[in-house]
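The sequence and the coordinates are shown first.

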Amino acid sequence: MSTGRLLAPALRWAIAATLAASGYIHAQLYVDEYRFIHIVGPLFLLQASVSFAVAALLLIGMPPLLRIAAAGVALGALGGFAASRTVGVFGFTEHGLQPAPQALLSLLAETGTLLLLATWQATATGQHRAARPPVKALVRDLPTTRTPPE
């Protein structure tokens, strides 16, 4: 079995695992602390739900739309994290890497998702390019049909 055949499923499972980890962290935070925070609490539950759903779908396949959704979930969580520590989110602010250790673990999971998606894209692009014959070979192999001069 070639490396490419092993790499694709491993990356797919790893991406699903990092998304599920992020979802688990947000679900845990929702249950333990955030469910009482207006608007922000339900957003944690939404992020957890979408993370679990996309992770489950990734175990089936990796179409482009699903890869975009995975990146969007990770970027949305990272954006919410950054906003909650700078300008605030619906009046809610946090400081540093609190709550510990969930904040750091969440950052690692979401960053890992994006890095694994980038790796997937780089390897898929490389495999696609390797599968195509060079243009010179295509031109050289074309049948030549010439009409005899009149």
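Visitor: Which element of the protein has the lowest mean pLDDT?
Guide: The mean pLDDT of the protein is 88, and 81% of its residues reach 70 or more. Among the elements, helix 2 (residues 40-58) has the highest mean, at 97. Where pLDDT is low, the predicted coordinates should not be read in detail. The element with the lowest mean, 57, is helix 5 (residues 135-140).

Visitor: How many helices and how many strands does the protein have?
Guide: Read along the sequence, the elements follow the pattern α-α-α-α-α. The secondary structure therefore comes, by the DSSP assignment of runs, to 5 helices and 0 strands.

Visitor: Among contacts between residues at least 6 apart in sequence, what share joins residues at least 24 apart?
Guide: The protein has 150 residues, of which 31% count as buried. Among contacts between residues at least 6 apart in sequence, the share that joins residues at least 24 apart is 69%.

Visitor: Which helix gives the largest share of the lining of the largest pocket?
Guide: The largest pocket has a volume of about 410 Å³. Of its 27 lining residues, the closest to the centre are H26, F44, A77, G80 and F81. Two or more lining residues come from each of helix 1 (3-32), helix 2, helix 3 (64-85) and helix 4 (102-131). The largest share, 8 residues, comes from helix 3.

Visitor: How many residues in the lining of the largest pocket are charged?
Guide: By class, the lining of the largest pocket has 15 nonpolar and 9 polar residues. The number of charged residues in this lining is 3.

Visitor: Why does T113 count as buried?
Guide: T113 lies in helix 4. Leaving aside neighbours within four places in sequence, T113 is in contact with I15, T18, L19, A70 and A74. Buried means under 20% relative accessible area. T113 counts as buried because its relative accessible area is 0%.

Visitor: Is L66 buried or exposed?
Guide: L66 lies in helix 3. Leaving aside neighbours within four places in sequence, L66 is in contact with V54, L57, L58 and G61. With a relative accessibility of 14%, L66 is therefore classed as buried.

Visitor: Where does P99, which a cis peptide bond joins to Q98, lie?
Guide: The bond between Q98 and P99 is cis, with omega about 0°. The peptide bond from A100 to P101 is cis too, with omega near 0°, and P101 has its place in the loop between helix 3 and helix 4. P99 lies in the loop between helix 3 and helix 4.

Visitor: What is the phi of I39, which is not a glycine?
Guide: I39 is found in the loop between helix 1 and helix 2. At 33% relative accessibility, I39 counts as partly exposed. Its phi is positive, at about 65°.

Visitor: Is F90 buried or exposed?
Guide: F90 is found in the loop between helix 3 and helix 4. Although F90 is not a glycine, its phi is positive, at about 50°. The cut-off for an exposed residue is over 50% relative accessible area. F90 has 60% relative accessibility, and therefore counts as exposed.

Technical notes. Residues numbered from 1 in each chain as written. Predicted model: local features only at pLDDT ≥ 70, side-chain atom pairs only at ≥ 80, totals over all residues. Heavy atoms only, no water. pLDDT = per-residue confidence, 0-100. Helix = DSSP H or I, 4+ residues; strand = E, 2+ residues; numbered from the N terminus. 1 Å grid on protein atoms, 1.4 Å probe; cavity = no way out; pocket = protein on both sides within 12 Å on 5 of 7 lines; lining within 4 Å. Points joined across faces, edges and corners; volume = space filled by probe spheres on them. Nonpolar A, V, L, I, M, F, W, Y, C, P; charged D, E, K, R; others polar. Buried < 20%, exposed > 50% of the residue type's maximum accessible area, 1.4 Å probe, protein only. Contact = heavy atoms within 4.5 Å.
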